[in-house]
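Subject: Structure handover

Hello,

Here is the structure I promised to pass on. Please open it beside this email and follow along.

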Amino acid sequence: MLRPWRLYRAVVRWASLDSRCLSRSLLPVLVGLCLGMTVSMMYAPFSEDSCETYLANQDPQKMVNLRNTKSVADPPSQDDQSIFEPRLLVPRSVGGGGPGENAAAPGANIANNNNNNAAPAPPAKVEPKAAGGKFFRPKFAATELGIRQKLFVAVLSSRDTLNTLAVAVNRTLAHYVTKTVYFIDQKSASVPTGMVIVNFADGYNHLLPVNVFKYVIKKYGRGYDYYLFITDRAYVRAERVHELVSHISVSRHVHMGAPKGVEANKPYCTLEGGIILSQSVLTQVNASMKWCSDNCHHLDQNLNFGKCVLYASNLHCSKSKSVYETHSLTDFDYDRDILALREQIDFNKSFSVFPMPNEITHYKLHRYFCEVELNSTRHQIEDMKKDILYMCKACKLTGVPEPYKPKNRFDVIRWDYFTETHIFFQDDFTNVKELIGADKMDIQDIIKVSIEKLNEKHDNKYLYSYLINGYRRFDPQRGMEYVMDLALEDTTLPSQEDNIEVSYKSKIVEKRVFLVRPLGEVEVVPMPYVTESTRIYLVLPVLASDADSWGLFLETYSALQAKSEDSLALILIFMYEQLPKAGENDVFSVLKSMVGFYNDKNENGVKTSTISFATNGTYVPEYKIIDLVSKEYSSTYDALILTCTMGMQLNQEMLNRVRINTVEGWQVFFPVGFWQFKPNLIYDKKPYPTEIEFNSKAGHYDVLSYEHGSFYNSDYKAARRSLTASQLANCDVYEMFVKNGNIHLFRAVEPEFKHFYMQLECMPGTPVALHERCMERKSLNLATRAQLAKRIFQYKAK
């Protein structure tokens with residue numbers, strides 16, 4: 001290969017031989033072309049990296065572009081490094097006074113907002129942020145992915161119409177949309193309950209649209225796909241509006257409503273008919289908010305609103321026909337005009353009707369449109385019946401309800417992943433659990449059915465090999481749903497005799513199957529009639545370690561007994577290790593004196609009975625304690641017994657449900673209560689709350705607790721006689737009724753049943769199954785995983 005300078009010298013020498021054939025302007029081009037080809041050929045052997053190789057050698061984290069999902073109008077950062085790294089966008093500072101929400105009446109939220117010309121910044125994006133090598137992520141995936149809720153409604157009202165027209169709008173609209181906020185320009189003397197009200201105390205009614213824009217952008221500017229702005233003089237069919245925006249692509253710029261007038265040769269919408277803006281248009285308005293504050297000072301609210309949107313988005317008000325249909329009325333009187341209007345197709349198809357003269361007309365119109373929707377639904381049902389009957393002639397399949405459609409992120413039903421041997425993340429407390437019992441039989445049965453159905457369709461050519469993936473969920477509308485990836489051996493494919501393993505793998509095919517195990521037909525179970533006046537005998541075993549809870553339980557019981565007259569009775573069973581002899585100290589002397597005090601206090605009530613029992617420091621089967629009560633009240637054959645513990649909270653609602661759900665000779669009731677976690681683990685400061693907080697961080701429903709049950713004495717005796725002494729010694733009362741099988745057991749969550757934290761004692765000599773359950777409860781009743789981990793970190797830090 002020629003060196004570059006030799007090649008250049010040869011080309012020059014050759015060019016000088018015949019200067020008449022080559023122009024001087026062509027010579028530099030030819031020399032540059034030759035040099036380029038030479039350098040390329042020299043570099044090619046040393047270059048082995050292609051584009052794919054280059055990308056593969058890069059850091060994957062740096063190559064991930066954080067896609068902007070919050071708003072189509074947000075400009076990307078100029079810093080290339082910040083584009084590829086998670087970041088937290090801090091909101092810009094806002095001049096002037098911001099809105100502050102103050103409770104003015106029960107159920108109402110009022111915010112006072114001062115008028116200012118500074119455009120408020122939208123809330124900060126919630127994105128992963130690195131701190132000390134760890135990433136902090138949002139609580140919900142929807143927040144990180146930028147998935148917004150569907151529809152926000154801003155209602156422009158006034159002090160005079162807040163308690164009339166605005167209330168009418170709230171009652172007919174609020175339960176169909178995600179969020180509704182009401183705006184007024186002056187403080188109102190009376191505030192309706194159950195409504196979020198924002199008060200701009202500037203007194204300038206014509207500036208209300210601009211103030212509303214500022215507040216909505218600042219508080220809710222990133223949380224919704226579409227925003228509906230209306231006045232309280234509009235009747236809106238909110239269900240149809242929500243359905244409309246649900247079918248519009250979120251990538252579109254939407255400025256939709258009823259045209260009111262023209263500004264700068266572009267039509268703008270009227271607030272009375274309702275104006276729908278997309279989130280992208282609202283972001284553009286935010287960028288032009290200063291211009292809107294300086295230039296939108298007309299006396300007409302519609303013009304101020306329209307000018308701001310037109311300037312910011314350059315998007316005129318779209319015509320409402322066939323999209324968002326509105327109907328304007330003049331001097332509307334429902335009783336006089338409805339007969340003529342009901343014959344108009346445009347009126348019946350309208351999304352909003354305006355203006356409403358008063359709230360009575362608003363309610364009457366709402367009733368009319370409810371009847372219209374009801375008639376339409378009935379026609380749809382009739383058409384569906386005809387279609388079903390027509391299809392039934394051609395097929396033999398039975399119908400299954402459609403899958404459940406969640407309304408928000410909290411209603412999404414979780415899929416559980418399973419294999420042939422284990423199920424993963426079945427609940428919030430377990431990561432993996434071995435398939436046993438009914439769960440294992442269910443998976444085996446569904447695999448068997450899948451293979452049978454596939455072989456029916458494919459001429460019996462498949463043999464089951466193994467399960468690749470499996471998912472299941474329980475849909476309350478249709479039953480248990482399954483999605484499975486099956487590895488099957490295709491017996492029709494030829495075998496390779498030289499290599500058995502290769503031959504087997506070549507015949508494996510994968511099939512994905514979808515199955516549903518539908519719920520059975522719902523039947524009404526006839527129940528005997530019960531009353532809420534039956535006396536309940538509360539059976540309470542008391543240990544010496546329960547001294548801290550004696551006073552609270554007896555005080556609560558005494559208050560309930562005073563209200564319920566003679567429908568409550570308490571039986572205390574003192575659990576001694578050894579019965580005290582004459583002259584010895586009684587560990588329950590304080591409690592006995594308290595019982596005497598409350599018996600004297602409730603002279604007309606049923607006296608509290610006491611029974612002493614010696615445990616000898618060993619485990620005592622539960623049936624032996626109930627036997628003491630059953631023998632004591634053997635003459636009262638129909639006594640309703642409720643087993644209790646010292647930490648439970650008694651209330652009238654729970655006791656009434658005990659009476660209703662316990663039926664003599666038919667049903668016993670074992671409620672599932674809400675148990676409090678250990679206070680010193682879940683609270684950082686003293687004093688601890690005296691009441692049980694009802695949330696997931698303060699406690700949980702203990703499904704392993706069976707010590708609380710209600711049953712009649714006669715049913716207990718019948719179940720007791722059906723089992724031997726050895727069987728009774730290895731089970732509790734709940735299992736005794738299960739093994740008996742002659743009476744129905746009703747076990748359900750009782751919302752009014754709360755229980756203070758109780759230190760569980762797993763006594764030696766307890767049957768193996770009961771001891772394991774006790775140890776599991778003991779660990780689950782402490783705190784949540786996050787709270788326990790926090791305490792461990794604090795302990796290690798010390």
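Start with D335, which counts as exposed because its relative accessibility is 55%. The cut-offs are these: buried is under 20% relative accessible area, exposed is over 50%, and partly exposed is in between, with a 1.4 Å probe and protein chains only.

Before going on, two notes on the source. This is a predicted model, where local features need pLDDT of at least 70, side-chain atom pairs count only at pLDDT 80 or more, and totals for chains, interfaces and linings use all residues. Residues are numbered from 1 along each chain as its sequence is written, and side-chain values use heavy atoms, with hydrogens and water left out.

**Salt bridges**

Which residue does D335 form a salt bridge with? The partner is K364, and the closest N and O atoms are 3.2 Å apart. A salt bridge here means a side-chain nitrogen of Lys or Arg within 4 Å of a carboxyl oxygen of Asp or Glu. D335 sits in helix α13 (residues 334-341) and K364 in helix α15, so the pair ties together parts that are 29 residues apart in sequence. Helices (H or I, at least four residues) and strands (E, at least two) are DSSP runs, numbered from the N terminus. K364 is partly exposed, at 31% relative accessible area.

Why do such pairs form? Side chains of opposite charge can pair when their charged atoms come close.

The whole structure holds 25 salt bridges. Another one links D294 to K290, again with 3.2 Å between the closest N and O atoms. Both residues lie in helix α11 (residues 289-295). They are 4 residues apart, about one turn of the helix. D294 is partly exposed, at 40% relative accessibility. K290 is exposed, at 54%.

Next, look at R472 and D439. They form a salt bridge too, and their closest N and O atoms are 3.1 Å apart. R472 is in strand β19 (residues 462-475) and D439 is in helix α16 (residues 437-457), so the pair ties together parts that are 33 residues apart in sequence. Is R472 buried or exposed? R472 is buried, because its relative accessibility is 5%. D439 is partly exposed, with 24% relative accessible area. Salt bridges with shared partners join D439, D442, D445, R472 and R517 into one network.

**Helix α10 and its neighbours**

Helix α10 (residues 279-287) has 7 of its 9 residues buried, so the rest of the structure largely encloses it. Those buried residues are Q279, S280, V281, L282, T283, V285 and N286. They pack against α8 (208-220), β8 (224-231), β13 (275-278), α11 and α12 (301-313).

Now take α8 with α10. Their axes are 10 Å apart and the packing angle is about 115 degrees. That makes α8 roughly perpendicular to α10. Axes are lines fitted to C-alpha atoms, for helices over the stretch in contact, and angles run from 0 to 180 degrees between N-to-C directions. Angles under 35 degrees count as roughly parallel, over 145 as roughly antiparallel, 65 to 115 as roughly perpendicular and the rest as oblique.

The crossing of α8 and α10 is left-handed. Left-handed means that the near helix is turned anticlockwise from the far one by less than a right angle; clockwise makes a crossing right-handed. F213, V216 and I217 of α8 make the contact with L282, V285 and N286 of α10. Contact means heavy atoms within 4.5 Å. By class, the α8 and α10 contact has 5 nonpolar, 1 polar and no charged residues. Ala, Val, Leu, Ile, Met, Phe, Trp, Tyr, Cys and Pro count as nonpolar, Asp, Glu, Lys and Arg as charged, and the others, Gly among them, as polar.

**Helices α7 and α15**

How do α7 (residues 165-173) and α15 (residues 359-392) cross? Their axes come within 9 Å and cross at roughly 20 degrees. That makes α7 roughly parallel to α15. The crossing of α7 and α15 is right-handed. On the α7 side, L165, V167, A168, V169, R171 and T172 take part, and they meet E359, H362, Y363 and H366 in α15. This contact of α7 with α15 has 5 nonpolar, 3 polar and 2 charged residues.

**The whole chain**

The chain has 27 helices and 29 strands. Of its 798 residues, 41% count as buried.

Best wishes
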